[in-house]
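Visitor: I have a structure to look at and a few quick questions. Can you put it up?

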Amino acid sequence: MYPVGWFLAVFLAVGTSQLCCAGPLHAQCKVEWYFEIPCQVVYESLVSQIKMWGTMAGCTMGGQRCLYKLQSASAHFIAAKHTTPFKRYVDDINFRLVSYYFFSCCHISAMSISETWYAIKDHGTNYCNLYNLMEGSGLTEARGYKEVTSDFLCTQRSSANCTIY
Ligand SMILES: *[C@@H]1O[C@H](CO)[C@@H](O)[C@H](O)[C@H]1NC(C)=O
């Protein structure tokens with residue numbers, strides 16, 4: 001009999017070398033965004049964009065700018081779902097908004113997670129779920145726009161092509 005510790009050691013060695021270094025184990029994405037505009041403006045832009053992309057219409061020419069569904073929205077937290085057209089995978093997305101500098105600036109922690117547990121590679125879909133809303137609502141052009149993320153925080157972030165995904 002091998003001691004339990006031996007299995008654990010092998011599991012950890014295989015796990016860390018093959019999976020962890022490539023990014024998150026489950027297809028997901030976490031992004032921090034910073035703006036020099038009030039959270040109220042960011043909030044309204046995101047919520048109206050989610051509603052605008054509620055139907056399939058935005059994807060008849062390709063892309064994934066459609067099938068968003070608002071779950072809940074309050075001044076500091078927005079939750080929604082995004083369904084990929086055709087394959088119908090569902091991803092859960094949320095935005096946490098925090099004001100700073102006397103409400104003149106806004107920090108957003110955004111997260112997108114695939115509901116399908118076996119989805120490890122997502123071609124950057126989870127990143128694009130979040131980025132497309134930012135870009136579509138014009139927030140990427142807003143004053144002080146800054147994005148902080150990485151391939152470790154976002155599955156396949158660097159190879160993501162949000163025109164397609
Ligand atoms: C993304 O995909 C579109 C459509 O296939 C293509 O035109 C564009 O060049 C791609 N962009 C990048 C950065 O690969």
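Guide: Here it is; note that this is a predicted model. A place to start is Tyr34, whose bridge partner in strand 5 is His107.

Visitor: Which way do strand 1 and strand 5 pair, and over how many bridges?

Guide: They are antiparallel, with 8 bridges between strand 1 (residues 28-35) and strand 5 (residues 105-114).

Visitor: And what order do the strands of the sheet come in?

Guide: The order is 2-3-4-5-1-6, in an open sheet of 6 strands with antiparallel pairing. Strand 2 (68-74) and strand 6 (146-148) are at the edges; each has a single partner strand, so one side of each lacks a neighbour in the sheet. On average, neighbouring strands are turned by 20° against each other, direction ignored.

Visitor: Now the helices. What does helix 2 lie across?

Guide: Helix 2 (residues 39-52) lies across strand 1, strand 2, strand 3 (77-83), strand 4 (90-100) and strand 5. Its direction is at about 150° to strand 2.

Visitor: Which strands does helix 3 touch?

Guide: Helix 3 (residues 125-136) packs on the sheet and touches strand 1, strand 2, strand 3, strand 4, strand 5 and strand 6. The angle between helix 3 and strand 1 is about 25°.

Visitor: Different topic. How much space is in the largest pocket?

Guide: About 390 Å³.

Visitor: Which residues lie nearest its centre?

Guide: Thr84, Lys87, Tyr89, Asp122 and Thr125, out of 20 residues that line the largest pocket.

Visitor: How does the lining divide into nonpolar, polar and charged?

Guide: The lining of the largest pocket has 7 nonpolar, 9 polar and 4 charged residues.

Technical notes. Residues numbered from 1 in each chain as written. Predicted model: local features only at pLDDT ≥ 70, side-chain atom pairs only at ≥ 80, totals over all residues. Heavy atoms only, no water. Pairing = 2+ DSSP bridges. Helix = DSSP H or I, 4+ residues; strand = E, 2+ residues; numbered from the N terminus. Axes fitted to C-alpha atoms, helices over the stretch in contact; angles between N-to-C directions. Contact = heavy atoms within 4.5 Å. 1 Å grid on protein atoms, 1.4 Å probe; cavity = no way out; pocket = protein on both sides within 12 Å on 5 of 7 lines; lining within 4 Å. Points joined across faces, edges and corners; volume = space filled by probe spheres on them. Nonpolar A, V, L, I, M, F, W, Y, C, P; charged D, E, K, R; others polar.
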